[in-house]
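Here is a briefing on salt bridges and cavities. Please look over the model before reading the points below.

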Amino acid sequence: MSSSQPDPQALRTSMLQDDWFRRCGPALQDALLAHGRERRLQPGEHLFAQGAPDGGLYCVTGGSLYVQSADIEGELPLLVVLEPCLWFGELSFTDGLPRSHDAVAGDDTRVWCVPRQPLRAWLQGHPEGWEDIARLAVGKLRIMYSVVDEEMRRPVPQRVARRLWLALQGWGWRKEGSPLPGVRWSQDQLARMLGTSRGTVNRALRELQDSGAIRLRYGVIELADEAALRQACEVPLPKGG
């Protein structure tokens with residue numbers, strides 16, 4: 001745990017980029033800031049492990065977190081990469097069950113950690129705050145249904161475009177009209193998220209770059225044209241000559 005903590009006003013301003021936090025009641029916003037502490041993680045360090053006891057709510061404030069779990073062969077499929085300023089942890093916070101996945105720092109990462117017990121005690125006196133917690137969980141459920149749908153029905157290029165679109169929009173929680181400028185994903189990570197090969201992902205990314213939707217940099221996929229990427233989510237990309 002870091003001994004120095006961020007400036008509260010700067011932290012609030014940063015968190016207001018997230019639509020969920022921005023739409024929370026002011027009292028809940030204050031409680032999340034008052035009861036939390038910042039934790040700093042080194043690359044590869046766990047915030048929590050699959051099966052760990054229930055914990056609090058968390059918000060990535062810097063760097064990135066990989067959400068993953070080992071399969072029966074010991075591989076680590078990557079579910080999602082969490083970047084600032086996404087909140088998570090609401091399932092175990094609500095039902096008290098162990099963590100369903102690992103959360104591992106992808107690089108030097110900062111996480112705002114709000115412990116379960118003091119926040120639940122606060123919610124006993126402010127039960128209206130549970131509606132906001134439910135809204136966080138339901139928003140994730142909607143995204144999950146969307147991802148399941150694309151896995152079943154869409155070709156890989158569209159799945160790649162849609163996964164990028166979701167991430168750049170903060171998985172539905174970024175302020176409208178303010179997507180992230182890019183995601184710090186390798187092609188291997190994206191392939192793990194989609195359950196396909198790196199070569200297949202590489203071809204799809206090259207098509208997206210040729211269409212002008214994205215720019216590829218080492219370890220980074222940058223947004224070049226928001227409208228072009230949105231269109232690629234819905235229609236097959238033309239094959240390059």
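The second largest cavity has a volume of about 30 Å³. This is a predicted model: local features need pLDDT of at least 70, side-chain atom pairs count only at pLDDT 80 or more, and totals for chains, interfaces and linings use all residues. Residues are numbered from 1 along each chain as its sequence is written, and side-chain values use heavy atoms, with hydrogens and water left out.

**Cavities**

- A cavity is a set of points, on a 1 Å grid over the protein atoms alone, where a 1.4 Å probe fits but cannot get out; lining residues have an atom within 4 Å of a point.
- Grid points are joined across faces, edges and corners, and a volume is the space filled by probe spheres set on the points.
- The second largest cavity is lined by Gln17, Asp18, Pro84, Cys85, Leu86, Trp173 and Arg174.
- That lining divides into 4 nonpolar, 1 polar and 2 charged residues (nonpolar: Ala, Val, Leu, Ile, Met, Phe, Trp, Tyr, Cys and Pro; charged: Asp, Glu, Lys and Arg; polar: the others, Gly among them).
- In total, the structure holds 2 cavities of 30 Å³ or more.
- The largest cavity has about 50 Å³ of space.
- Its lining residues are Val81, Glu83, Pro84, Leu86, Ala167, Gly170, Trp171, Arg174 and Leu180.
- By class, the lining of the largest cavity has 6 nonpolar, 1 polar and 2 charged residues.

**Salt bridges across the chain**

- The structure holds 14 salt bridges (a side-chain nitrogen of Lys or Arg within 4 Å of a carboxyl oxygen of Asp or Glu).
- Arg110 pairs with Glu38, with the closest N and O atoms 3.6 Å apart.
- Arg110 lies in strand 8 (residues 109-114) and Glu38 in strand 1 (residues 37-41), so this bridge ties together parts 72 residues apart in sequence.
- Helices (H or I, at least four residues) and strands (E, at least two) are DSSP runs, numbered from the N terminus.
- Lys140 bridges to Glu90, the closest N and O atoms being 3.1 Å apart.
- This pair links distant parts of the chain: Lys140 is in helix 6 (residues 129-153) and Glu90 in helix 4 (residues 90-95), 50 residues apart.

**Exposure of the partners**

- Buried means under 20% relative accessible area, exposed over 50%, and partly exposed in between (1.4 Å probe, protein chains only).
- Glu38 is buried at 2%, while Arg110 is partly exposed at 34%.
- Glu90 is buried at 4%, while Lys140 is partly exposed at 28%.

Definitions and conventions:
1 Å grid on protein atoms, 1.4 Å probe; cavity = no way out; pocket = protein on both sides within 12 Å on 5 of 7 lines; lining within 4 Å.
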